[in-house]
Amino acid sequence: MTRHIVTTDDDPAIRKILRIMLKKAGYEVTTCENGNELLHMLSNTPTPIDMMLLDIKMPGLTGFEILERIARRYPTIPVVMLTAFNDLDTGMKAIRLGAVDYLTKPIRQEELYTCIHRVLEKSDEAQRQKEIDDENHAIRMKLEAELRRTKNTLQRSTISTLEAFSETIEQKDPYTKGHCNRVRTLAVALAKSMNLNEETLQIIEGGALLHDIGKISIPEEILNKNGKLTGEEYSLIKTHPEAGVRIITHIPSFKQYIPIIRSHHERIDGRGYPDNMEGKDIPLDVKIVSLADAFDAMTSSRAYRSALPTELAVEELKINAGTQFDADLVDIFIENELYLL
């Protein structure tokens, strides 16, 4: 492929010499008399330009002024400045403004060829690297898109599995039908109102759906008992968090939900179970699910009592803020009117 070089110089003799030397070397050549002609040509020529030779001292726009515009508008075209001033300051200024090299007049043929070869070789190398970078970027974008699709598919599959588990729990206790889903809705809404990250939201969602999984181990006659539980029966009910942990331990991908499953009945004042944890030791995601769990329990009918009106349940949250529930979470829950969900 013939390389296209554009030369710009106000001296017709220099333009002619450059044209002869460049054509002799096999290049396609376009010559311009001044900066305005060059800018017009750049805006209208359909032919790709591989390199420019640009005189510095010209009437009208100087070579430096033209160079600045070319560097902004056509940054991929390498420019070599031509100057009659063989001093370092002029050359350094040209490089600072975007030139890749400079040649001093009178220009010797061998020096010109060497410079052009060096500049075009470097430009080709930069173009090859850009193509490699673009290809690698496209591959990365494709892989990232595939990863997102895979993660979304896996997440949907995980949620479906979690929902199936929660349905299994609720089959044993018709009075808690939909409880795990409602706790999920409340807990995720509370977490979102706190701008928690996506990973934490997913853990809260999964933990909320599985928080009562240990109730599978509790006899149905105790879960569905109409009257007050005996001390022994209540002690058995209190084993469901640990039973849930034992179940989930066998599913490695669900281990991230274990803190919520084990600790959703802990209290800020340390009077919860099974570990009597105090507020500062209870993880935030556990506190969120605990509040959602308790609110839904209060506003749902059970075998042994009717549902509390929403207004009374909200008052219970306020009364128990700082003892059973995290006070800040209670405030956020109420301020965002999550009790209306």
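Before anything else, one term: when I say buried I mean under 20% relative accessible area, exposed is over 50%, and partly exposed is in between, using a 1.4 Å probe and protein chains only. A word on where this comes from: it's a predicted model, so local features need pLDDT of at least 70 and side-chain atom pairs count only at pLDDT 80 or more, while totals for chains, interfaces and linings use all residues. Residues are numbered from 1 along each chain as its sequence is written, and side-chain values use heavy atoms, with hydrogens and water left out. And when I say H or E plus a number, helices (H or I, at least four residues) and strands (E, at least two) are DSSP runs, numbered from the N terminus.

Okay, let's start with the sheet. Its five strands make an open sheet in the order E2-E1-E3-E4-E5, with parallel pairing. Strand E2, residues 28–32, and strand E5, residues 101–104, are at the edges, each pairing on one side only. From one strand to the next, the twist averages 20°. By pairing I mean that DSSP finds at least two bridges between the two strands. In general, strands of a sheet pair through backbone hydrogen bonds, either parallel or antiparallel.

Now zoom in on strand E1, residues 4–8. E1 runs parallel to E2, and five bridges join the two. You can find His4 opposite Glu28 in E2, and Ile5 opposite Val29 in E2.

So which residues are on each side of E1? His4, Val6 and Thr8 are on one side, Ile5 and Thr7 are on the other, and they're all buried, so both faces are covered. Remember that in a regular strand the side chains alternate between the two faces of the sheet. With five of its five residues buried, E1 is largely enclosed by the rest of the structure.

H2 lies across E1, E2 and strand E3 (51–55), and runs at about 130° to E2. For that angle, axes are lines fitted to C-alpha atoms, for helices over the stretch in contact, and angles run from 0 to 180 degrees between N-to-C directions.

Asp326 caps the N-terminal end, with a side-chain oxygen 2.9 Å from the backbone nitrogen of Asp328. Just after H14, Glu337 takes a positive phi of about 55°.

Asp293 is buried, at a relative accessible area of 7%. Leaving out residues up to four places away in sequence, Asp293 touches His179, Val183, His211, His264 and His265. With His211 there's a side-chain polar contact of 3.2 Å. A polar contact is a pair of N or O atoms within 3.5 Å; within protein, one must be able to donate a hydrogen and the other to accept it, and residues adjacent in sequence count only if both atoms are side-chain atoms.

One last stop: Arg262, in helix H11, residues 258–263. At 26% relative accessibility, Arg262 counts as partly exposed. Its side chain makes a 2.8 Å polar contact with the side chain of Asp275.

Key: Contact means heavy atoms within 4.5 Å.
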